[in-house]
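Below is a short briefing on one protein model, arranged by topic. Please keep the sequence and the structure open while reading.

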Amino acid sequence: MKRAAYTFVLLCFLCSISKAQYWQQKVDYTIEVSLNDQTKTLQGFEKLTYYNNSPDTLTYIWFHIWPNAYKTDRTAFSNQHLQNGNTEFYFADKEQRGYINQLDFKVNGVSSKIEDHPEHIDIIKLVLPTPLLPGQQTVITTPFHVKLPYNYSRGGYDKQTFQVTQWHPKPAVYDHNGWHPMPYLDQGEFYSEFGNYNVRITVPQEYVVAATGILQNEEEKEWLKTKQFKEAPKPTKSASTLAKKPVSKSAKQKSPQNTSTPIANAATKTLQFLQNNVHDFAWFANKDFIVNSDTCQLASGKIVNVHSFYTSANKADWENSVALAKDALRFYSVEVGEYPYATLSAVQGPESFGGGMEYPTITIISPSATEKDLDITLAHEIGHNWFYGILASNERQNPWMDEGVNTFYDRKYAQQKYGTNPTGENLLLQTLVKTHHDQPIVTPADKMTAENYQLVSYYKTSEWLQLVEKKLGPATFQNAMQHYYQQWQFKHPQPADFKASLAQYLKADTTEVFPLLYTKGNIPQKDGGKFSIVTPFLPKSIKAYMETPTKNTLLISPALGFNVYDKIMIGGVFTNYKLPPSSLQYLLVPLYSTGANSLNGIGKISYAIYPEKGFQKAEVFVNASKFSNNDFTDNTNTRHVFGFSKVVPGFELTFKEKSLQSTSRKYLQWKSYLINEQPLRLSTDSIFENGDTTLVDVVNKEHLHLTIHQLKLGIENTRALYPYAANFTAQASQNFVRLALEGNYFFNYKEGGLDVRVFAGKFFYNENKTYPYGYYIDRYALNLSGPNGEEDYTYSDYFIGRNRFEGLASQQLMIRDGGFKIKTDLLSNKVGKTSNWLAAINLNTSIPSKFNPLSILPIKIPLHVFADIGTYAEAWEPEADTDRFLFDIGLHVPLFKETINLYFPIIYSQVFSDYTKSMYPNNRFFKTMTFSINLHYNDVKKLTQQLGL
């Protein structure tokens, strides 16, 4: 009994030891695939050998069938695209989508059952007919048919160019943590098993194919020599001197080029590519590729064949691409460890590719602006052969081990080759930290916001490695990383493995350095000092601040302004507004008015805090401004200019959302408008001179003091699909209370969309209907007709001619109340004005480019159609002489991203028609045109929200 007991204990111990030992699965592929360039499809057959090197018996294998990520608009890929602000795939046409089908799995020749994943259509479970025991292998075969999508992410087609990636059925990784089935995502990459690839690709004969591995067809190699660009390459900088900011794989896609490509003929060719010890295979086909080739000798004497594939349109930047790739190849081989493969290729993709993407032995990059940009991007993508290709960490779970570590090296490459080139990432990261919008480095890719994915996974990780290098010293750090590379190449290192590999070099510093991966906040860095002045007059001051920002900064810049009363205004900006933001911020913009010969300007001082809980932001502020708002030339030809000034104290509370990935914002705001106006008061006086009596204008410059308190509650959601906003505003003064409820909802189309605005308002008198000096309360009433500058009683909108009643400046309006685009300023009582209640709905829809008559112009000008309908209290009175519902319909031309908006009312209610006919008997189309100026940029609003500001 004792001997049996000892034997049992020994077996359990040995079993536990075996489980603790490292193991990984292996998958070898033999694939036959053909491309139909007309239907944009692949027809293939896959044979794979799956080696179970685990201590576990497997009864099923999860498979990735990632082309199905493009099948519907309800996949994880589509949902993430929308989350990150991209609607292009969601509105893709049917022929632009993709899928995989015709799967018929056999395991060792036996037909096998597949089961759908409960959530994701691009994952399936292959049920094995017999269990796969530890140490055994099995052969799995299946045909497959792939409809390639348009290139919305990393692969697909763009006209007659093909990027064939994540294209065949592929087993998920099984490791000591279990299975890792994962849907295809744009943000967040891959995790795959190592193995050997033998791929035969059939394409139309005139296509040039670039692929993972080594081409086996000698006749094809000879043909590719005829595709080389013959011009001598330009000299490059030393390969020993050279890293880069990450290239976003989720960059917004661009439209395909408009160049046409001849239809392929029926002749085909079959090319064979072989590559051992890789975990992915990608290939690219284009009829127009120029091919450059050379050899690169590494320090050990090893020879690597280097190729680049690009089109003539990008020859200027790419003709030296082989030499640039060799620079990066030598750099990483020296810094990290020798490149183990015999070939390396760089491919120029179409504009739609939108960035760069790496695969074993090959990388693809969209067109670059300059050769320097290409060089830096190439270095980053080639570097992924080490950090992703050879050290195959789980990129979805630990993007920092791939993107961040590689960014550290590509930044080193770029700095050695081009010197320091600050990119602003440090400022953006510090801003996220300041607003508590940052996430720890170890956060999985699919749990990160888009901003954190770029700034934390890439940039912050590289800063962390710089700290590690500083603690160890460059030589010891290089030894440590080379040890890690040698220990874990062709394996799946986890964060604990990385830590253990470096621990013998860091020693006691391990407890100080590695916890930084799990915490929020900045990486300890060089102190930039307490104060600096930044100005465009000293360009070096901008670069210095971006490199090492100071705690306090004064920004000085010239400024210009204009309105028809002040004419051109010249001045400057003095502010400490910066990234990251200071708690106490100020802005002073003094402007000298050449039209009024006076000092105008704007100013603001605020104090904001970003609490950990409860509120995202709490801010108190005081705003101030002073400008001219009217003028009058009397009968002695003397010009009198009038103005206003205001001081606006207030506070705003922005409530914290449950998730950093939320695109919603809720806020409460209070403002008190303390306004000093100079109303135009005219009288006449008689002067008796030389026996004659002359009437002269007498201009009285009086001051009118107004106080208006405003409370606003609002919610807005800037999500890519169907964004919306709503707010309730209550305004009160000594004489009135004004309540307004406004909502906006945007229904997206493939091109543009339909914007729906609803408004309801109620007006109450407190006392009499006039202010002192006979100043009527009429300007504060609710209005259907387009409000003019005088009716902007809080002076919150920018008007070029606030009180003009003739000329182009008089045609400006603001979108408020009823939101109508037609004005009736010349009436003593404007159409649709009420001191009771008002309700309206405004519709504005974009016109697809194929129906836009302005599309014939050399520059792209969008065209919209608007329609407004509204009603108000007086229209429902028994004696009312107008229709109960008023409307206007017309064309809207938004310019400069809707900064300037031109409105052309065409069809409108009879009461508006009568007005326009009487006031504008000639040239009515342009006389009734109105315009608005919107300086509240949506892109800036989205950015500030994403940064938590």
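Helices (H or I, at least four residues) and strands (E, at least two) are DSSP runs, numbered from the N terminus. By that numbering, Ser846 sits in strand E39 (residues 837-846). The model is a predicted one, in which local features need pLDDT of at least 70 and side-chain atom pairs count only at pLDDT 80 or more, while totals for chains, interfaces and linings use all residues. Residues are numbered from 1 along each chain as its sequence is written, and side-chain values use heavy atoms, with hydrogens and water left out.

**Surroundings of Ser846**

- Ser846 counts as buried because its relative accessible area is 10%; buried means under 20% relative accessible area, exposed over 50%, and partly exposed in between (1.4 Å probe, protein chains only).
- Not counting residues up to four places away in sequence, Ser846 touches Tyr749, Glu751, Gly752, Gly753, Leu863 and His864, where contact means heavy atoms within 4.5 Å.
- A polar atom of the Ser846 side chain lies 3.0 Å from the backbone oxygen of Glu751.
- The backbone nitrogen of Gly753 lies 2.9 Å from a polar atom of the Ser846 side chain.

**Strand pairing**

- Two strands pair if DSSP finds at least two bridges between them.
- An open sheet of four strands runs in the order E7-E8-E3-E12, with antiparallel pairing.
- Strand E7 (114-116) and strand E12 (170-171) are the edge strands of this sheet, each pairing on one side only.
- Strand E3 (residues 58-64) and strand E8 (residues 123-132) are antiparallel and joined by six bridges; Leu58 has Leu132 in E8 as its bridge partner.
- Strand E30 (residues 615-633) runs antiparallel to strand E31 (residues 639-655), with 17 bridges between them.
- E30 and E31 form a hairpin with five residues between them, and Asn637 in the turn has a positive phi of about 65°.
- Ten bridges connect E31 to strand E32 (residues 664-677), also antiparallel.
- Lys646 in E31 stands opposite Ser625, and the bridge partner of Lys646 in E32 is Ile675.

**Salt bridges**

- The whole structure holds 34 salt bridges, each being a side-chain nitrogen of Lys or Arg within 4 Å of a carboxyl oxygen of Asp or Glu.
- Asp327 and Lys417 form a salt bridge, with their closest N and O atoms 2.8 Å apart.
- This pair links distant parts of the chain, with Asp327 in helix H5 (residues 321-335) and Lys417 in helix H8 (residues 399-418), 90 residues apart.
- Both Asp327 and Lys417 are buried.
- Asp73 and Arg74 form a salt bridge at 3.2 Å between the closest N and O atoms; Arg74 is exposed, at 58% relative accessibility.
- Lys113 and Glu115 form a salt bridge at 3.5 Å, N to O; Lys113 is exposed at 52% relative accessibility, whereas Glu115 is partly exposed at 29%.
- A network of salt bridges links Asp778, Glu791, Lys823, Asp825, Lys830 and Lys833.

**Nonpolar cores**

- A nonpolar core is a set of buried Ala, Val, Leu, Ile, Met, Phe, Trp, Tyr and Cys residues joined through side-chain atoms within 4.5 Å.
- The largest core has 144 residues, and those with the most contacts inside it are Tyr50, Trp167, Trp283, Trp386, Tyr409, Trp464 and Phe498.
- Helix H10 (residues 450-472) supplies the largest share of this core, ten residues.
- Another core lies apart from it and has 33 residues, among them Met569, Phe763, Phe820 and Tyr872.

Methods
Polar contact = N/O pair within 3.5 Å; in protein donor to acceptor, adjacent residues only side chain to side chain.
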